[in-house]
Amino acid sequence: MRLLVVGRLSGQLATAVKMAMAHGAKVQHVERADQATEQLRRGQGADLLMVDYRIDIAALIAANDAERIHVPVVACGVDADAREAADAIRAGAKEFIPLPPDAELIAAVLSAVADDERPMISADPAMKSVIQLADQVARSEASILITGESGVGKEVMARYLHTNSRRADKAFISVNCAAIPDNLLESELFGHEKGAFTGAVARRIGKFEEADGGTLLLDEISEMDARLQAKLLRAIQERVIDRVGGSKPVPVNIRIIATSNRDLAKAVAEGTFREDLLYRLNVVNLRLPSLRERPGDIAVLADHFVKKYAAANGVPPRAIGPEARRALVGHRWPGNVRELENAMHRAVLLASGSEIDVEAIRLPDGRPLLGGGGTSTPAASTYDAGVAGQAAQAADAVTRSFVGQTVAEMEKTLILDTLSHCLGNRTHAATILGISIRTLRNKLNEYADQGTPIPAPQSGVAAAYGAAG
């Protein structure tokens, strides 16, 4: 996690920086907004900008956008009133951190933006065999293609490979090829020269140069435009890149790891992916099994997530009850590890007894996880008729409660209930709901315009910030 702090390093802000460093963040500091943009241009990358709310946040984001630099911003400050905090959010900040800093809030924000503490946890033989292969190739210079369904942990595996490689002391840079528009991705990867396009007021270093000496992860490589695929192929073959608007090649020394949740061989046959690029990327293929193919991992991962989110939310960790554990193993988890993680985060917040029971484990639509959920795994057969009957009755009651409601009304109820359970914390709520913080904020603004009360965060910034989202 790389954090760039923008503003005068006062006593309270310095304390916040120390807290961030204690949570593993690598921190750099500048005083002015233009210095922040210049530092990002030069390839001194950041995963998050922590900006004093008195700085013109909208202008900073606009300057970065003009340079095709996209880094999330959180605002912070001492003695900010509710209106000033809301203004910072409207200017584009994703969160407001009041100072003096709260250690739990800082930990939650850092975790939501860039969660680097994702250890490789496995107990199932199907996954252990993949990890064994990863250990064999980690110290090589071979390009690795990691495939599997969404949510199986492809980026976690990529970080594992980097950590166990000979490049572990160098940068690990990740680019989500699906999240960046085609017209921006070239500059993001290869950088640009001054004057290459309108708004390019200075040279900008791209992710290839930023990762020099280390590892570059091309996440969801299958979504890359065909024209860029040709440029990427040259970069991999020749170990040189061309900045947008540049006149001479720039040498780079990186290892490429790519991920895809699509069948790239099929994409080649359909003409949407270059066959020669696939050969270059797929020196070694690591196919990660879905969670339903590795049921032995479900319980150990669930225990890990309970500990993780209990610590992040400042609550004592609870053991997972035996019935809840059976339900977890019996569920199909179509969203794989990501869905399981979100479910356990919800369970940590919703559990009220001495242990996490099955009622606390909820599906994304708010329904309780009662029974196998259509599973074909042997664990589903462990439910006796009494439990199955209770599950059927509960499911029927939940279904009947939905009758007569529109989808929009159900969505609104789920969002507001989740926000209430998270004590108004937007970052936690968005994580649990599986949506972006921007999507959540837009929904809350829509509800506020309708006159619906919006739960405010439990901090020094209250109602106005809550209404603004």
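Visitor: Is Glu-193 buried or exposed in this structure, and how do I read that from a number?

Guide: A residue counts as buried when its relative accessible area is under 20%. In this predicted model, Glu-193 has a relative accessible area of 17%, so Glu-193 is buried. You will find Glu-193 in the loop between α8 and α9.

Visitor: Which residues is Glu-193 in contact with, once its neighbours within four places in sequence are left aside?

Guide: Glu-193 is then in contact with Ala-200, Ala-202, Arg-203, Arg-243, Val-244, Gly-245 and Gly-246. With Arg-203 there is also a polar contact, made from side chain to side chain at 3.0 Å.

Visitor: How many aromatic pairs are there, and how should I describe one?

Guide: A pair of aromatic rings is described by the distance of the centres and the angle of the planes. The count here comes to two aromatic pairs. In one of them, the ring centres of Tyr-53 and Phe-96 are 6.1 Å apart and the planes stand at 65 degrees, so this pair is edge-to-face. Tyr-53 sits in the loop between β3 (48–52) and α3 (57–66), while Phe-96 belongs to strand β5 (residues 95–99), and the pair therefore links distant parts of the chain, 43 residues apart. Both Tyr-53 and Phe-96 are buried.

Visitor: What are the distance and the angle for the pair of Phe-190 and Phe-208?

Guide: For Phe-190 and Phe-208 the distance is 5.1 Å centre to centre, with 20 degrees between the planes, and the pair is stacked. Phe-190 lies in helix α8 (residues 182–190) and Phe-208 in helix α9 (residues 207–210), so the pair ties together parts that are 18 residues apart in sequence. Phe-190 is buried, with a relative accessible area of 1%, and Phe-208 is buried with a relative accessible area of 1% as well.

Visitor: Where does Ala-211 lie, and what is Ala-211 in contact with?

Guide: Ala-211 lies in the loop between α9 and β8, and at 0% relative accessibility Ala-211 counts as buried. Leaving aside neighbours within four places in sequence, Ala-211 is in contact with Ile-173, Leu-216, Asn-253 and Ile-254. Ala-211 and Ile-256 are 45 residues apart in sequence, and their C-alpha atoms are 9.9 Å apart in space.

Visitor: Is Gly-271 buried or exposed?

Guide: The cut-off for exposed is a relative accessible area over 50%. At 61% relative accessibility, Gly-271 counts as exposed. Gly-271 is found in the loop between α11 (264–270) and α12 (275–281), and the C-alpha atoms of Gly-271 and Ala-226 are separated by 9.2 Å, although these residues are 45 apart along the chain.

Visitor: Which residues other than glycine have a positive phi?

Guide: One of them is Glu-220, whose phi is near 55 degrees. Glu-220 is found in the loop between β8 (215–219) and α10 (226–238), and is buried, with a relative accessible area of 13%. Another is Trp-333, which has a positive phi of about 50 degrees. Trp-333 lies in the loop between α14 and α15, and counts as buried at 1% relative accessibility.

Visitor: Which residues of helix α14 are buried, and what do they pack against?

Guide: In α14 (residues 322–330), the buried residues are Ala-324, Ala-327, Leu-328, Val-329 and Gly-330. The buried residues of this helix pack against α13, β13 (319–320), α15 and β14 (355–356).

Visitor: How many cavities of 30 Å³ or more are there, and what lines the largest cavity?

Guide: Rolling a probe the size of a water molecule over the atoms shows where empty space is left. The count in this model comes to one cavity of 30 Å³ or more, and the largest cavity has a volume of about 30 Å³. Its lining includes Val-306, Ala-310, Arg-318, Ala-347 and Val-348. The elements that give two or more residues to this lining are α13 (298–313) and α15 (336–350). By class, the lining has nine nonpolar, no polar and one charged residues.

Visitor: How many helices and strands does the protein chain have, and how much of the chain counts as buried?

Guide: The protein chain has 20 helices and 14 strands, and 50% of its 469 residues count as buried. Among contacts between residues at least 6 apart in sequence, 71% join residues at least 24 apart.

Methods
Residues numbered from 1 in each chain as written. Predicted model: local features only at pLDDT ≥ 70, side-chain atom pairs only at ≥ 80, totals over all residues. Heavy atoms only, no water. 1 Å grid on protein atoms, 1.4 Å probe; cavity = no way out; pocket = protein on both sides within 12 Å on 5 of 7 lines; lining within 4 Å. Points joined across faces, edges and corners; volume = space filled by probe spheres on them. Helix = DSSP H or I, 4+ residues; strand = E, 2+ residues; numbered from the N terminus. Nonpolar A, V, L, I, M, F, W, Y, C, P; charged D, E, K, R; others polar. Buried < 20%, exposed > 50% of the residue type's maximum accessible area, 1.4 Å probe, protein only. Contact = heavy atoms within 4.5 Å. Phe/Tyr/Trp six-rings, centres within 6.5 Å; stacked < 30°, edge-to-face > 60°. Polar contact = N/O pair within 3.5 Å; in protein donor to acceptor, adjacent residues only side chain to side chain.
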